[in-house]
Amino acid sequence: MNTMITEELKKVTKPIHDKLDESEFFAVLKEGKLPIESYINYLQVMAGIHAAFEKEVCDSNHPELQSVWKDSMSKLPPLLVDLESLHATEIEDIPKAIDA
């Protein structure tokens with residue numbers, strides 16, 4: 001894996017991740033007080049984002065990107081497992097986003 005690219009990505013996105021971690025949404029999520037419907041919606045959004053992102057990464061011929069990406073990095077399968085465990089996979093927008 002190209003550690004230099006990975007470390008640079010972590011460095012430049014850290015302020016964004018820190019800001020998100022400090023948001024009211026994530027505070028309520030960490031406290032376990034987020035309504036289940038909101039949590040399901042969050043998982044659906046993340047699944048759609050990861051489906052599109054991971055498909056593009058896998059379809060890419062960019063050598064640097066391919067040197068960094070490993071299938072084990074995929075977040076989509078565990079997101080779908082979580083949604084299935086919450087009986088939320090029947091919602092149409094998830095399969096459509098995955099197939100896009």
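How many helices and strands are there in the protein? The protein has six helices and zero strands, where helices (H or I, at least four residues) and strands (E, at least two) are DSSP runs numbered from the N terminus. This is a predicted model, in which local features need pLDDT of at least 70 and side-chain atom pairs count only at pLDDT 80 or more, while totals for chains, interfaces and linings use all residues. Residues are numbered from 1 along each chain as its sequence is written, and side-chain values use heavy atoms, with hydrogens and water left out.

View 1. Among contacts (heavy atoms within 4.5 Å) with a separation of 6 or more, 60% join residues 24 or more positions apart.

**View 2. The largest pocket has a volume of about 870 Å³.** Of the 21 residues that line this pocket, Leu9, His17, His50, Phe53 and Lys75 are the closest to its centre. A pocket is, on a 1 Å grid over the protein atoms alone, an open set of points where a 1.4 Å probe fits, with protein on both sides within 12 Å along at least five of seven lines, and lining residues have an atom within 4 Å of a point. Grid points are joined across faces, edges and corners, and the volume is the space filled by probe spheres set on the points. Helices α1 (3-21), α3 (36-59) and α4 (63-68) each supply at least two residues of the lining, and the largest share, seven residues, comes from α1. By class, the lining has 13 nonpolar, four polar and four charged residues, where Ala, Val, Leu, Ile, Met, Phe, Trp, Tyr, Cys and Pro count as nonpolar, Asp, Glu, Lys and Arg as charged, and the others, Gly among them, as polar.

**View 3. His50 lies in helix α3.** Because its relative accessibility is 18%, His50 counts as buried. Leaving aside neighbours within four places in sequence, His50 is in contact with Lys55, Lys75, Leu76 and Leu79.

**View 4. Phe25, Phe26 and Tyr42 form one aromatic cluster.** The structure holds four aromatic pairs, a pair being rings of Phe, Tyr and Trp (its six-membered ring) with centres within 6.5 Å, and planes under 30 degrees apart count as stacked, over 60 as edge-to-face and the rest as tilted. The ring centres of Phe25 and Phe26 are 5.1 Å apart and their planes stand at 90 degrees, so this pair is edge-to-face. Phe26 and Tyr42 also form an edge-to-face pair, at 5.8 Å centre to centre with 90 degrees between the planes. Since Phe26 lies in helix α2 (residues 24-30) and Tyr42 in helix α3, the pair ties together parts that are 16 residues apart in sequence. Phe26 is buried, with a relative accessible area of 15%, whereas Phe25 at 31% and Tyr42 at 23% count as partly exposed.

**View 5. The largest nonpolar core has eight residues.** These are Ile40, Leu43, Ala47, Ala51, Leu76, Leu79, Leu83 and Ala88. Helices α3 and α5 (76-85) are the elements that give two or more residues to this core, and α3 gives the most, with four residues. A nonpolar core is a set of buried Ala, Val, Leu, Ile, Met, Phe, Trp, Tyr and Cys residues joined through side-chain atoms within 4.5 Å.

Technical notes: Buried means under 20% relative accessible area, exposed over 50%, partly exposed in between (1.4 Å probe, protein chains only).
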